[in-house]
Amino acid sequence: MELCVNGEKLLLPDGATIQAVLDHFKLQPVRVAVELNRDIVPKKAYSNTSLKSGDTLEIVTFVGGG
Amino acid sequence: MTSTHLKIGPYELQSRLIVGTGKYSSLELMQQCHQESGAEVVTVAVRRERLVDKNSGRNILDFIDPKKYILLPNTAGCFNAQEVVRVAKLGREMLTGSGYRGADWVKLECLGDTKTLLPEPVGTLEALKILVQDGFQVLVYCSDDVMLCKRIKESGAAAVMPAGSPIGSGQGVLNPNAIRIILEQLKENDPAYPVIVDAGVGTASDVAAAMELGVDGVLLNTAIAGATDPVKMARAMMLATESGRLAYQAGRIPRKLYATASSPWEGRINA
């Protein structure tokens with residue numbers, strides 16, 4: 001299936017979860033927040049939220065700012 | 001040290017200086033500057049995670065001790081109320097259960113354009129009302145317009161944060177009289193209501209001058225991060241915040257046009 005993650009295409013096997021996407025990019029759940037189709041997904045739901053083709057994810061983190 | 005603490009939203013702070021985390025040449029340097037500044041609150045921005053070329057896996061939070069610092073997520077780079085609310089919620093989500101304090105507040109920044117980076121008042125008020133409704137304690141970056149500041153306070157802001165001058169401009173507090181009027185109007189019958197100068201300071205004297213007006217604190221980033229010796233400037237900013245606050249509490253002498261002798265007039269041998 002084809003996902004859109006932070007504006008880029010990503011191909012993953014059907015039924016992959018949000019946790020699988022984080023693993024794919026080697027990201028720690030504790031350092032990110034995730035939106036699935038504009039809705040925030042709580043961290044405890046990463047492993048049981050299955051994605052479908054066409055889903056859009058935003059994965060954000062903190063960076064330096066004023 | 002100042003005798004009374006600064007209370008903003010759920011937090012009681014001993015330091016009246018809030019510093020940013022942006023524009024440092026290294027995270028180690030940022031960490032040293034935070035230490036020297038004496039600040040207890042540091043601002044952070046929310047951005048897309050880099051999925052490739054990940055800066056060798058280093059995250060800014062690895063350089064901010066959760067026991068020493070409270071994070072203040074901002075909504076920098078947002079240009080309307082919808083963007084602000086979206087970013088504020090992502091910041092809160094990141095902090096929830098993270099071991100860091102700061103999930104319950106946000107620095108609202110809703111900008112008008114990319115050249116001036118001046119705050120956009122209509123979107124700011126609109127976003128503020130939504131965030132207050134959602135349970136956020138909101139610290140609002142705004143212009144030094146007294147009527148706008150009054151509307152922001154009335155709309156439930158935890159603190160009003162007028163800009164001294166444009167972000168990163170280093171011009172200091174351009175209109176001290178506007179800040180004076182804001183302080184009078186917002187603190188009338190509510191002296192503890194926090195008013196913080198956010199943005200525009202360039203050096204220690206700008207911070208001291210702002211504090212001498214009676215503001216509750218100063219928020220700055222570029223003035224330290226962009227200094228030739230940021231660590232030294234961080235210390236200068238800490239001292240300026242304290243000396244400005246002390247001078248405000250001490251009560252300065254009035255300005256006069258003519259001189260008043262410090263030595264006695266009587267007893268001069270040549271009289």
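Two strands are said to pair if DSSP finds at least two bridges between them. Strands (E, at least two residues) and helices (H or I, at least four) are DSSP runs, numbered from the N terminus. The model is predicted: local features need pLDDT of at least 70 and side-chain atom pairs count only at pLDDT 80 or more, whereas totals for chains, interfaces and linings use all residues. Residues are numbered from 1 along each chain as its sequence is written, and chains are lettered from A and ligands numbered from 1 in the order in which they are written.

View 1. Strand E5 (residues 56-64) of chain A pairs with strand E4 (residues 41-48) of chain B in the antiparallel sense, over five bridges. A:Val63 has B:Ala45 of E4(B) as its bridge partner.

**View 2. The contact between chains A and B.** In this contact, 20 residues of chain A meet 27 residues of chain B; residues are in contact if their C-beta atoms, placed from the backbone, lie within 7 Å. On the side of chain A that touches chain B, E5(A) gives the most, with seven residues. That side of chain A comprises 11 nonpolar, five polar and four charged residues.

**View 3. Packing of helices H6 and H8 of chain B.** H6(B) (residues 204-212) and H8(B) (residues 230-250) pack at an angle of about 25°, with their axes 7 Å apart. H6(B) is therefore roughly parallel to H8(B), a term for angles under 35 degrees. Residues making the contact include B:Ala204 and B:Met211 of H6(B) and B:Leu239 and B:Tyr248 of H8(B).

Definitions and conventions. Axes are lines fitted to C-alpha atoms, for helices over the stretch in contact, and angles run from 0 to 180 degrees between N-to-C directions. Angles under 35 degrees count as roughly parallel, over 145 as roughly antiparallel, 65 to 115 as roughly perpendicular and the rest as oblique. Two residues are in contact if their C-beta atoms, placed from the backbone, lie within 7 Å. Ala, Val, Leu, Ile, Met, Phe, Trp, Tyr, Cys and Pro count as nonpolar, Asp, Glu, Lys and Arg as charged, and the others, Gly among them, as polar.
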